[in-house]
Amino acid sequence: MNLEALKEIIKNNVEILETSARENKANEDTVVGIAKFAASNGYEKLSEPQKYHFDNCIRNLIEDVQCSGYNHEFEEMPRECPNVLDDDDLVEFYQNDGKYCESCEAQASTDAHSKESFFRD
C-alpha cells in the first residue's frame with residue numbers, strides 16, 4: 001500500500017477518489033475524508049466501516065495498479081498491458097497523469113526514436 005501515492009492523489013487528483021467512490025456507490029466526501037485520515041494516520045487507525053470504504057474505493061488506486069498500456073499512434077485497437085506498476089512508480093504515475101511500465105515505456109521510447117529518425121531523414 002503506497003500512502004505517498006495516496007497523498008499525491010489527495011493533493012492533485014482528488015477527482016480520482018471521487019470517481020472511485022461513485023463507481024462503488026459510496027459517498028464521495030466520505031471516501032475523500034477516509035483517504036485523508038488514512039494518509040495521515042495509517043490504515044490501522046481506521047474503524048471497520050472506514051476500512052470497508054478504503055478497501056473498496058481507495059486500495060485499488062494505491063496497490064497493484066495496472067499499467068494503462070502503450071498504444072502506437074497508428075494502432076486502432078488499444079492494447080492492454082498485463083503488467084503492474086512498481087510501488088515506487090505510483091507517485092510519478094499520478095503526477096504525470098499516467099505512466100507506463102518498463103516494457104511499455106521502452107516501446108514508447110523506441111517508437112519516438114523511430115519517428116524522430118524518419119522525419120530527420
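## Exercises on helix packing and salt bridges

Q50 is partly exposed, with a relative accessible area of 25% (buried is under 20%, exposed over 50%, partly exposed in between; 1.4 Å probe, protein chains only). This is a predicted model: local features need pLDDT of at least 70, side-chain atom pairs count only at pLDDT 80 or more, and totals for chains, interfaces and linings use all residues. Residues are numbered from 1 along each chain as its sequence is written, and side-chain values use heavy atoms, with hydrogens and water left out.

**Exercise 1.** Describe how helix 1 packs with helix 3.

*Solution.* Two packed helices are described by the angle between their axes and the distance between the axes. Helix 1 (residues 3-12) and helix 3 (residues 28-41) pack at about 135°, with axes 9 Å apart. Axes are lines fitted to C-alpha atoms, for helices over the stretch in contact, and angles run from 0 to 180 degrees between N-to-C directions. That angle makes helix 1 oblique to helix 3 (under 35 degrees is roughly parallel, over 145 roughly antiparallel, 65 to 115 roughly perpendicular, the rest oblique). Now list the residues. Helix 1 gives L3, L6, K7 and I10; helix 3 gives A35, K36, A38 and A39. By class, the contact has 6 nonpolar, no polar and 2 charged residues (Ala, Val, Leu, Ile, Met, Phe, Trp, Tyr, Cys and Pro are nonpolar; Asp, Glu, Lys and Arg charged; the others, Gly among them, polar).

**Exercise 2.** How many salt bridges are there, and which residue pairs with K7?

*Solution.* Apply the rule: a side-chain nitrogen of Lys or Arg within 4 Å of a carboxyl oxygen of Asp or Glu. The count comes to 5 salt bridges. K7 pairs with E4, the closest N and O atoms being 3.3 Å apart. Both lie in helix 1, 3 residues apart, about one turn of the helix. K7 is partly exposed at 38% relative accessibility, and E4 is partly exposed at 47%.

**Exercise 3.** Which residues are linked with R59 in a network of salt bridges?

*Solution.* Begin with one pair. E63 and R59 meet in a salt bridge at 3.2 Å, N to O. Then extend the set: D55, R59 and E63 are linked in a network.

Conventions. Helices (H or I, at least four residues) and strands (E, at least two) are DSSP runs, numbered from the N terminus. Contact means heavy atoms within 4.5 Å.
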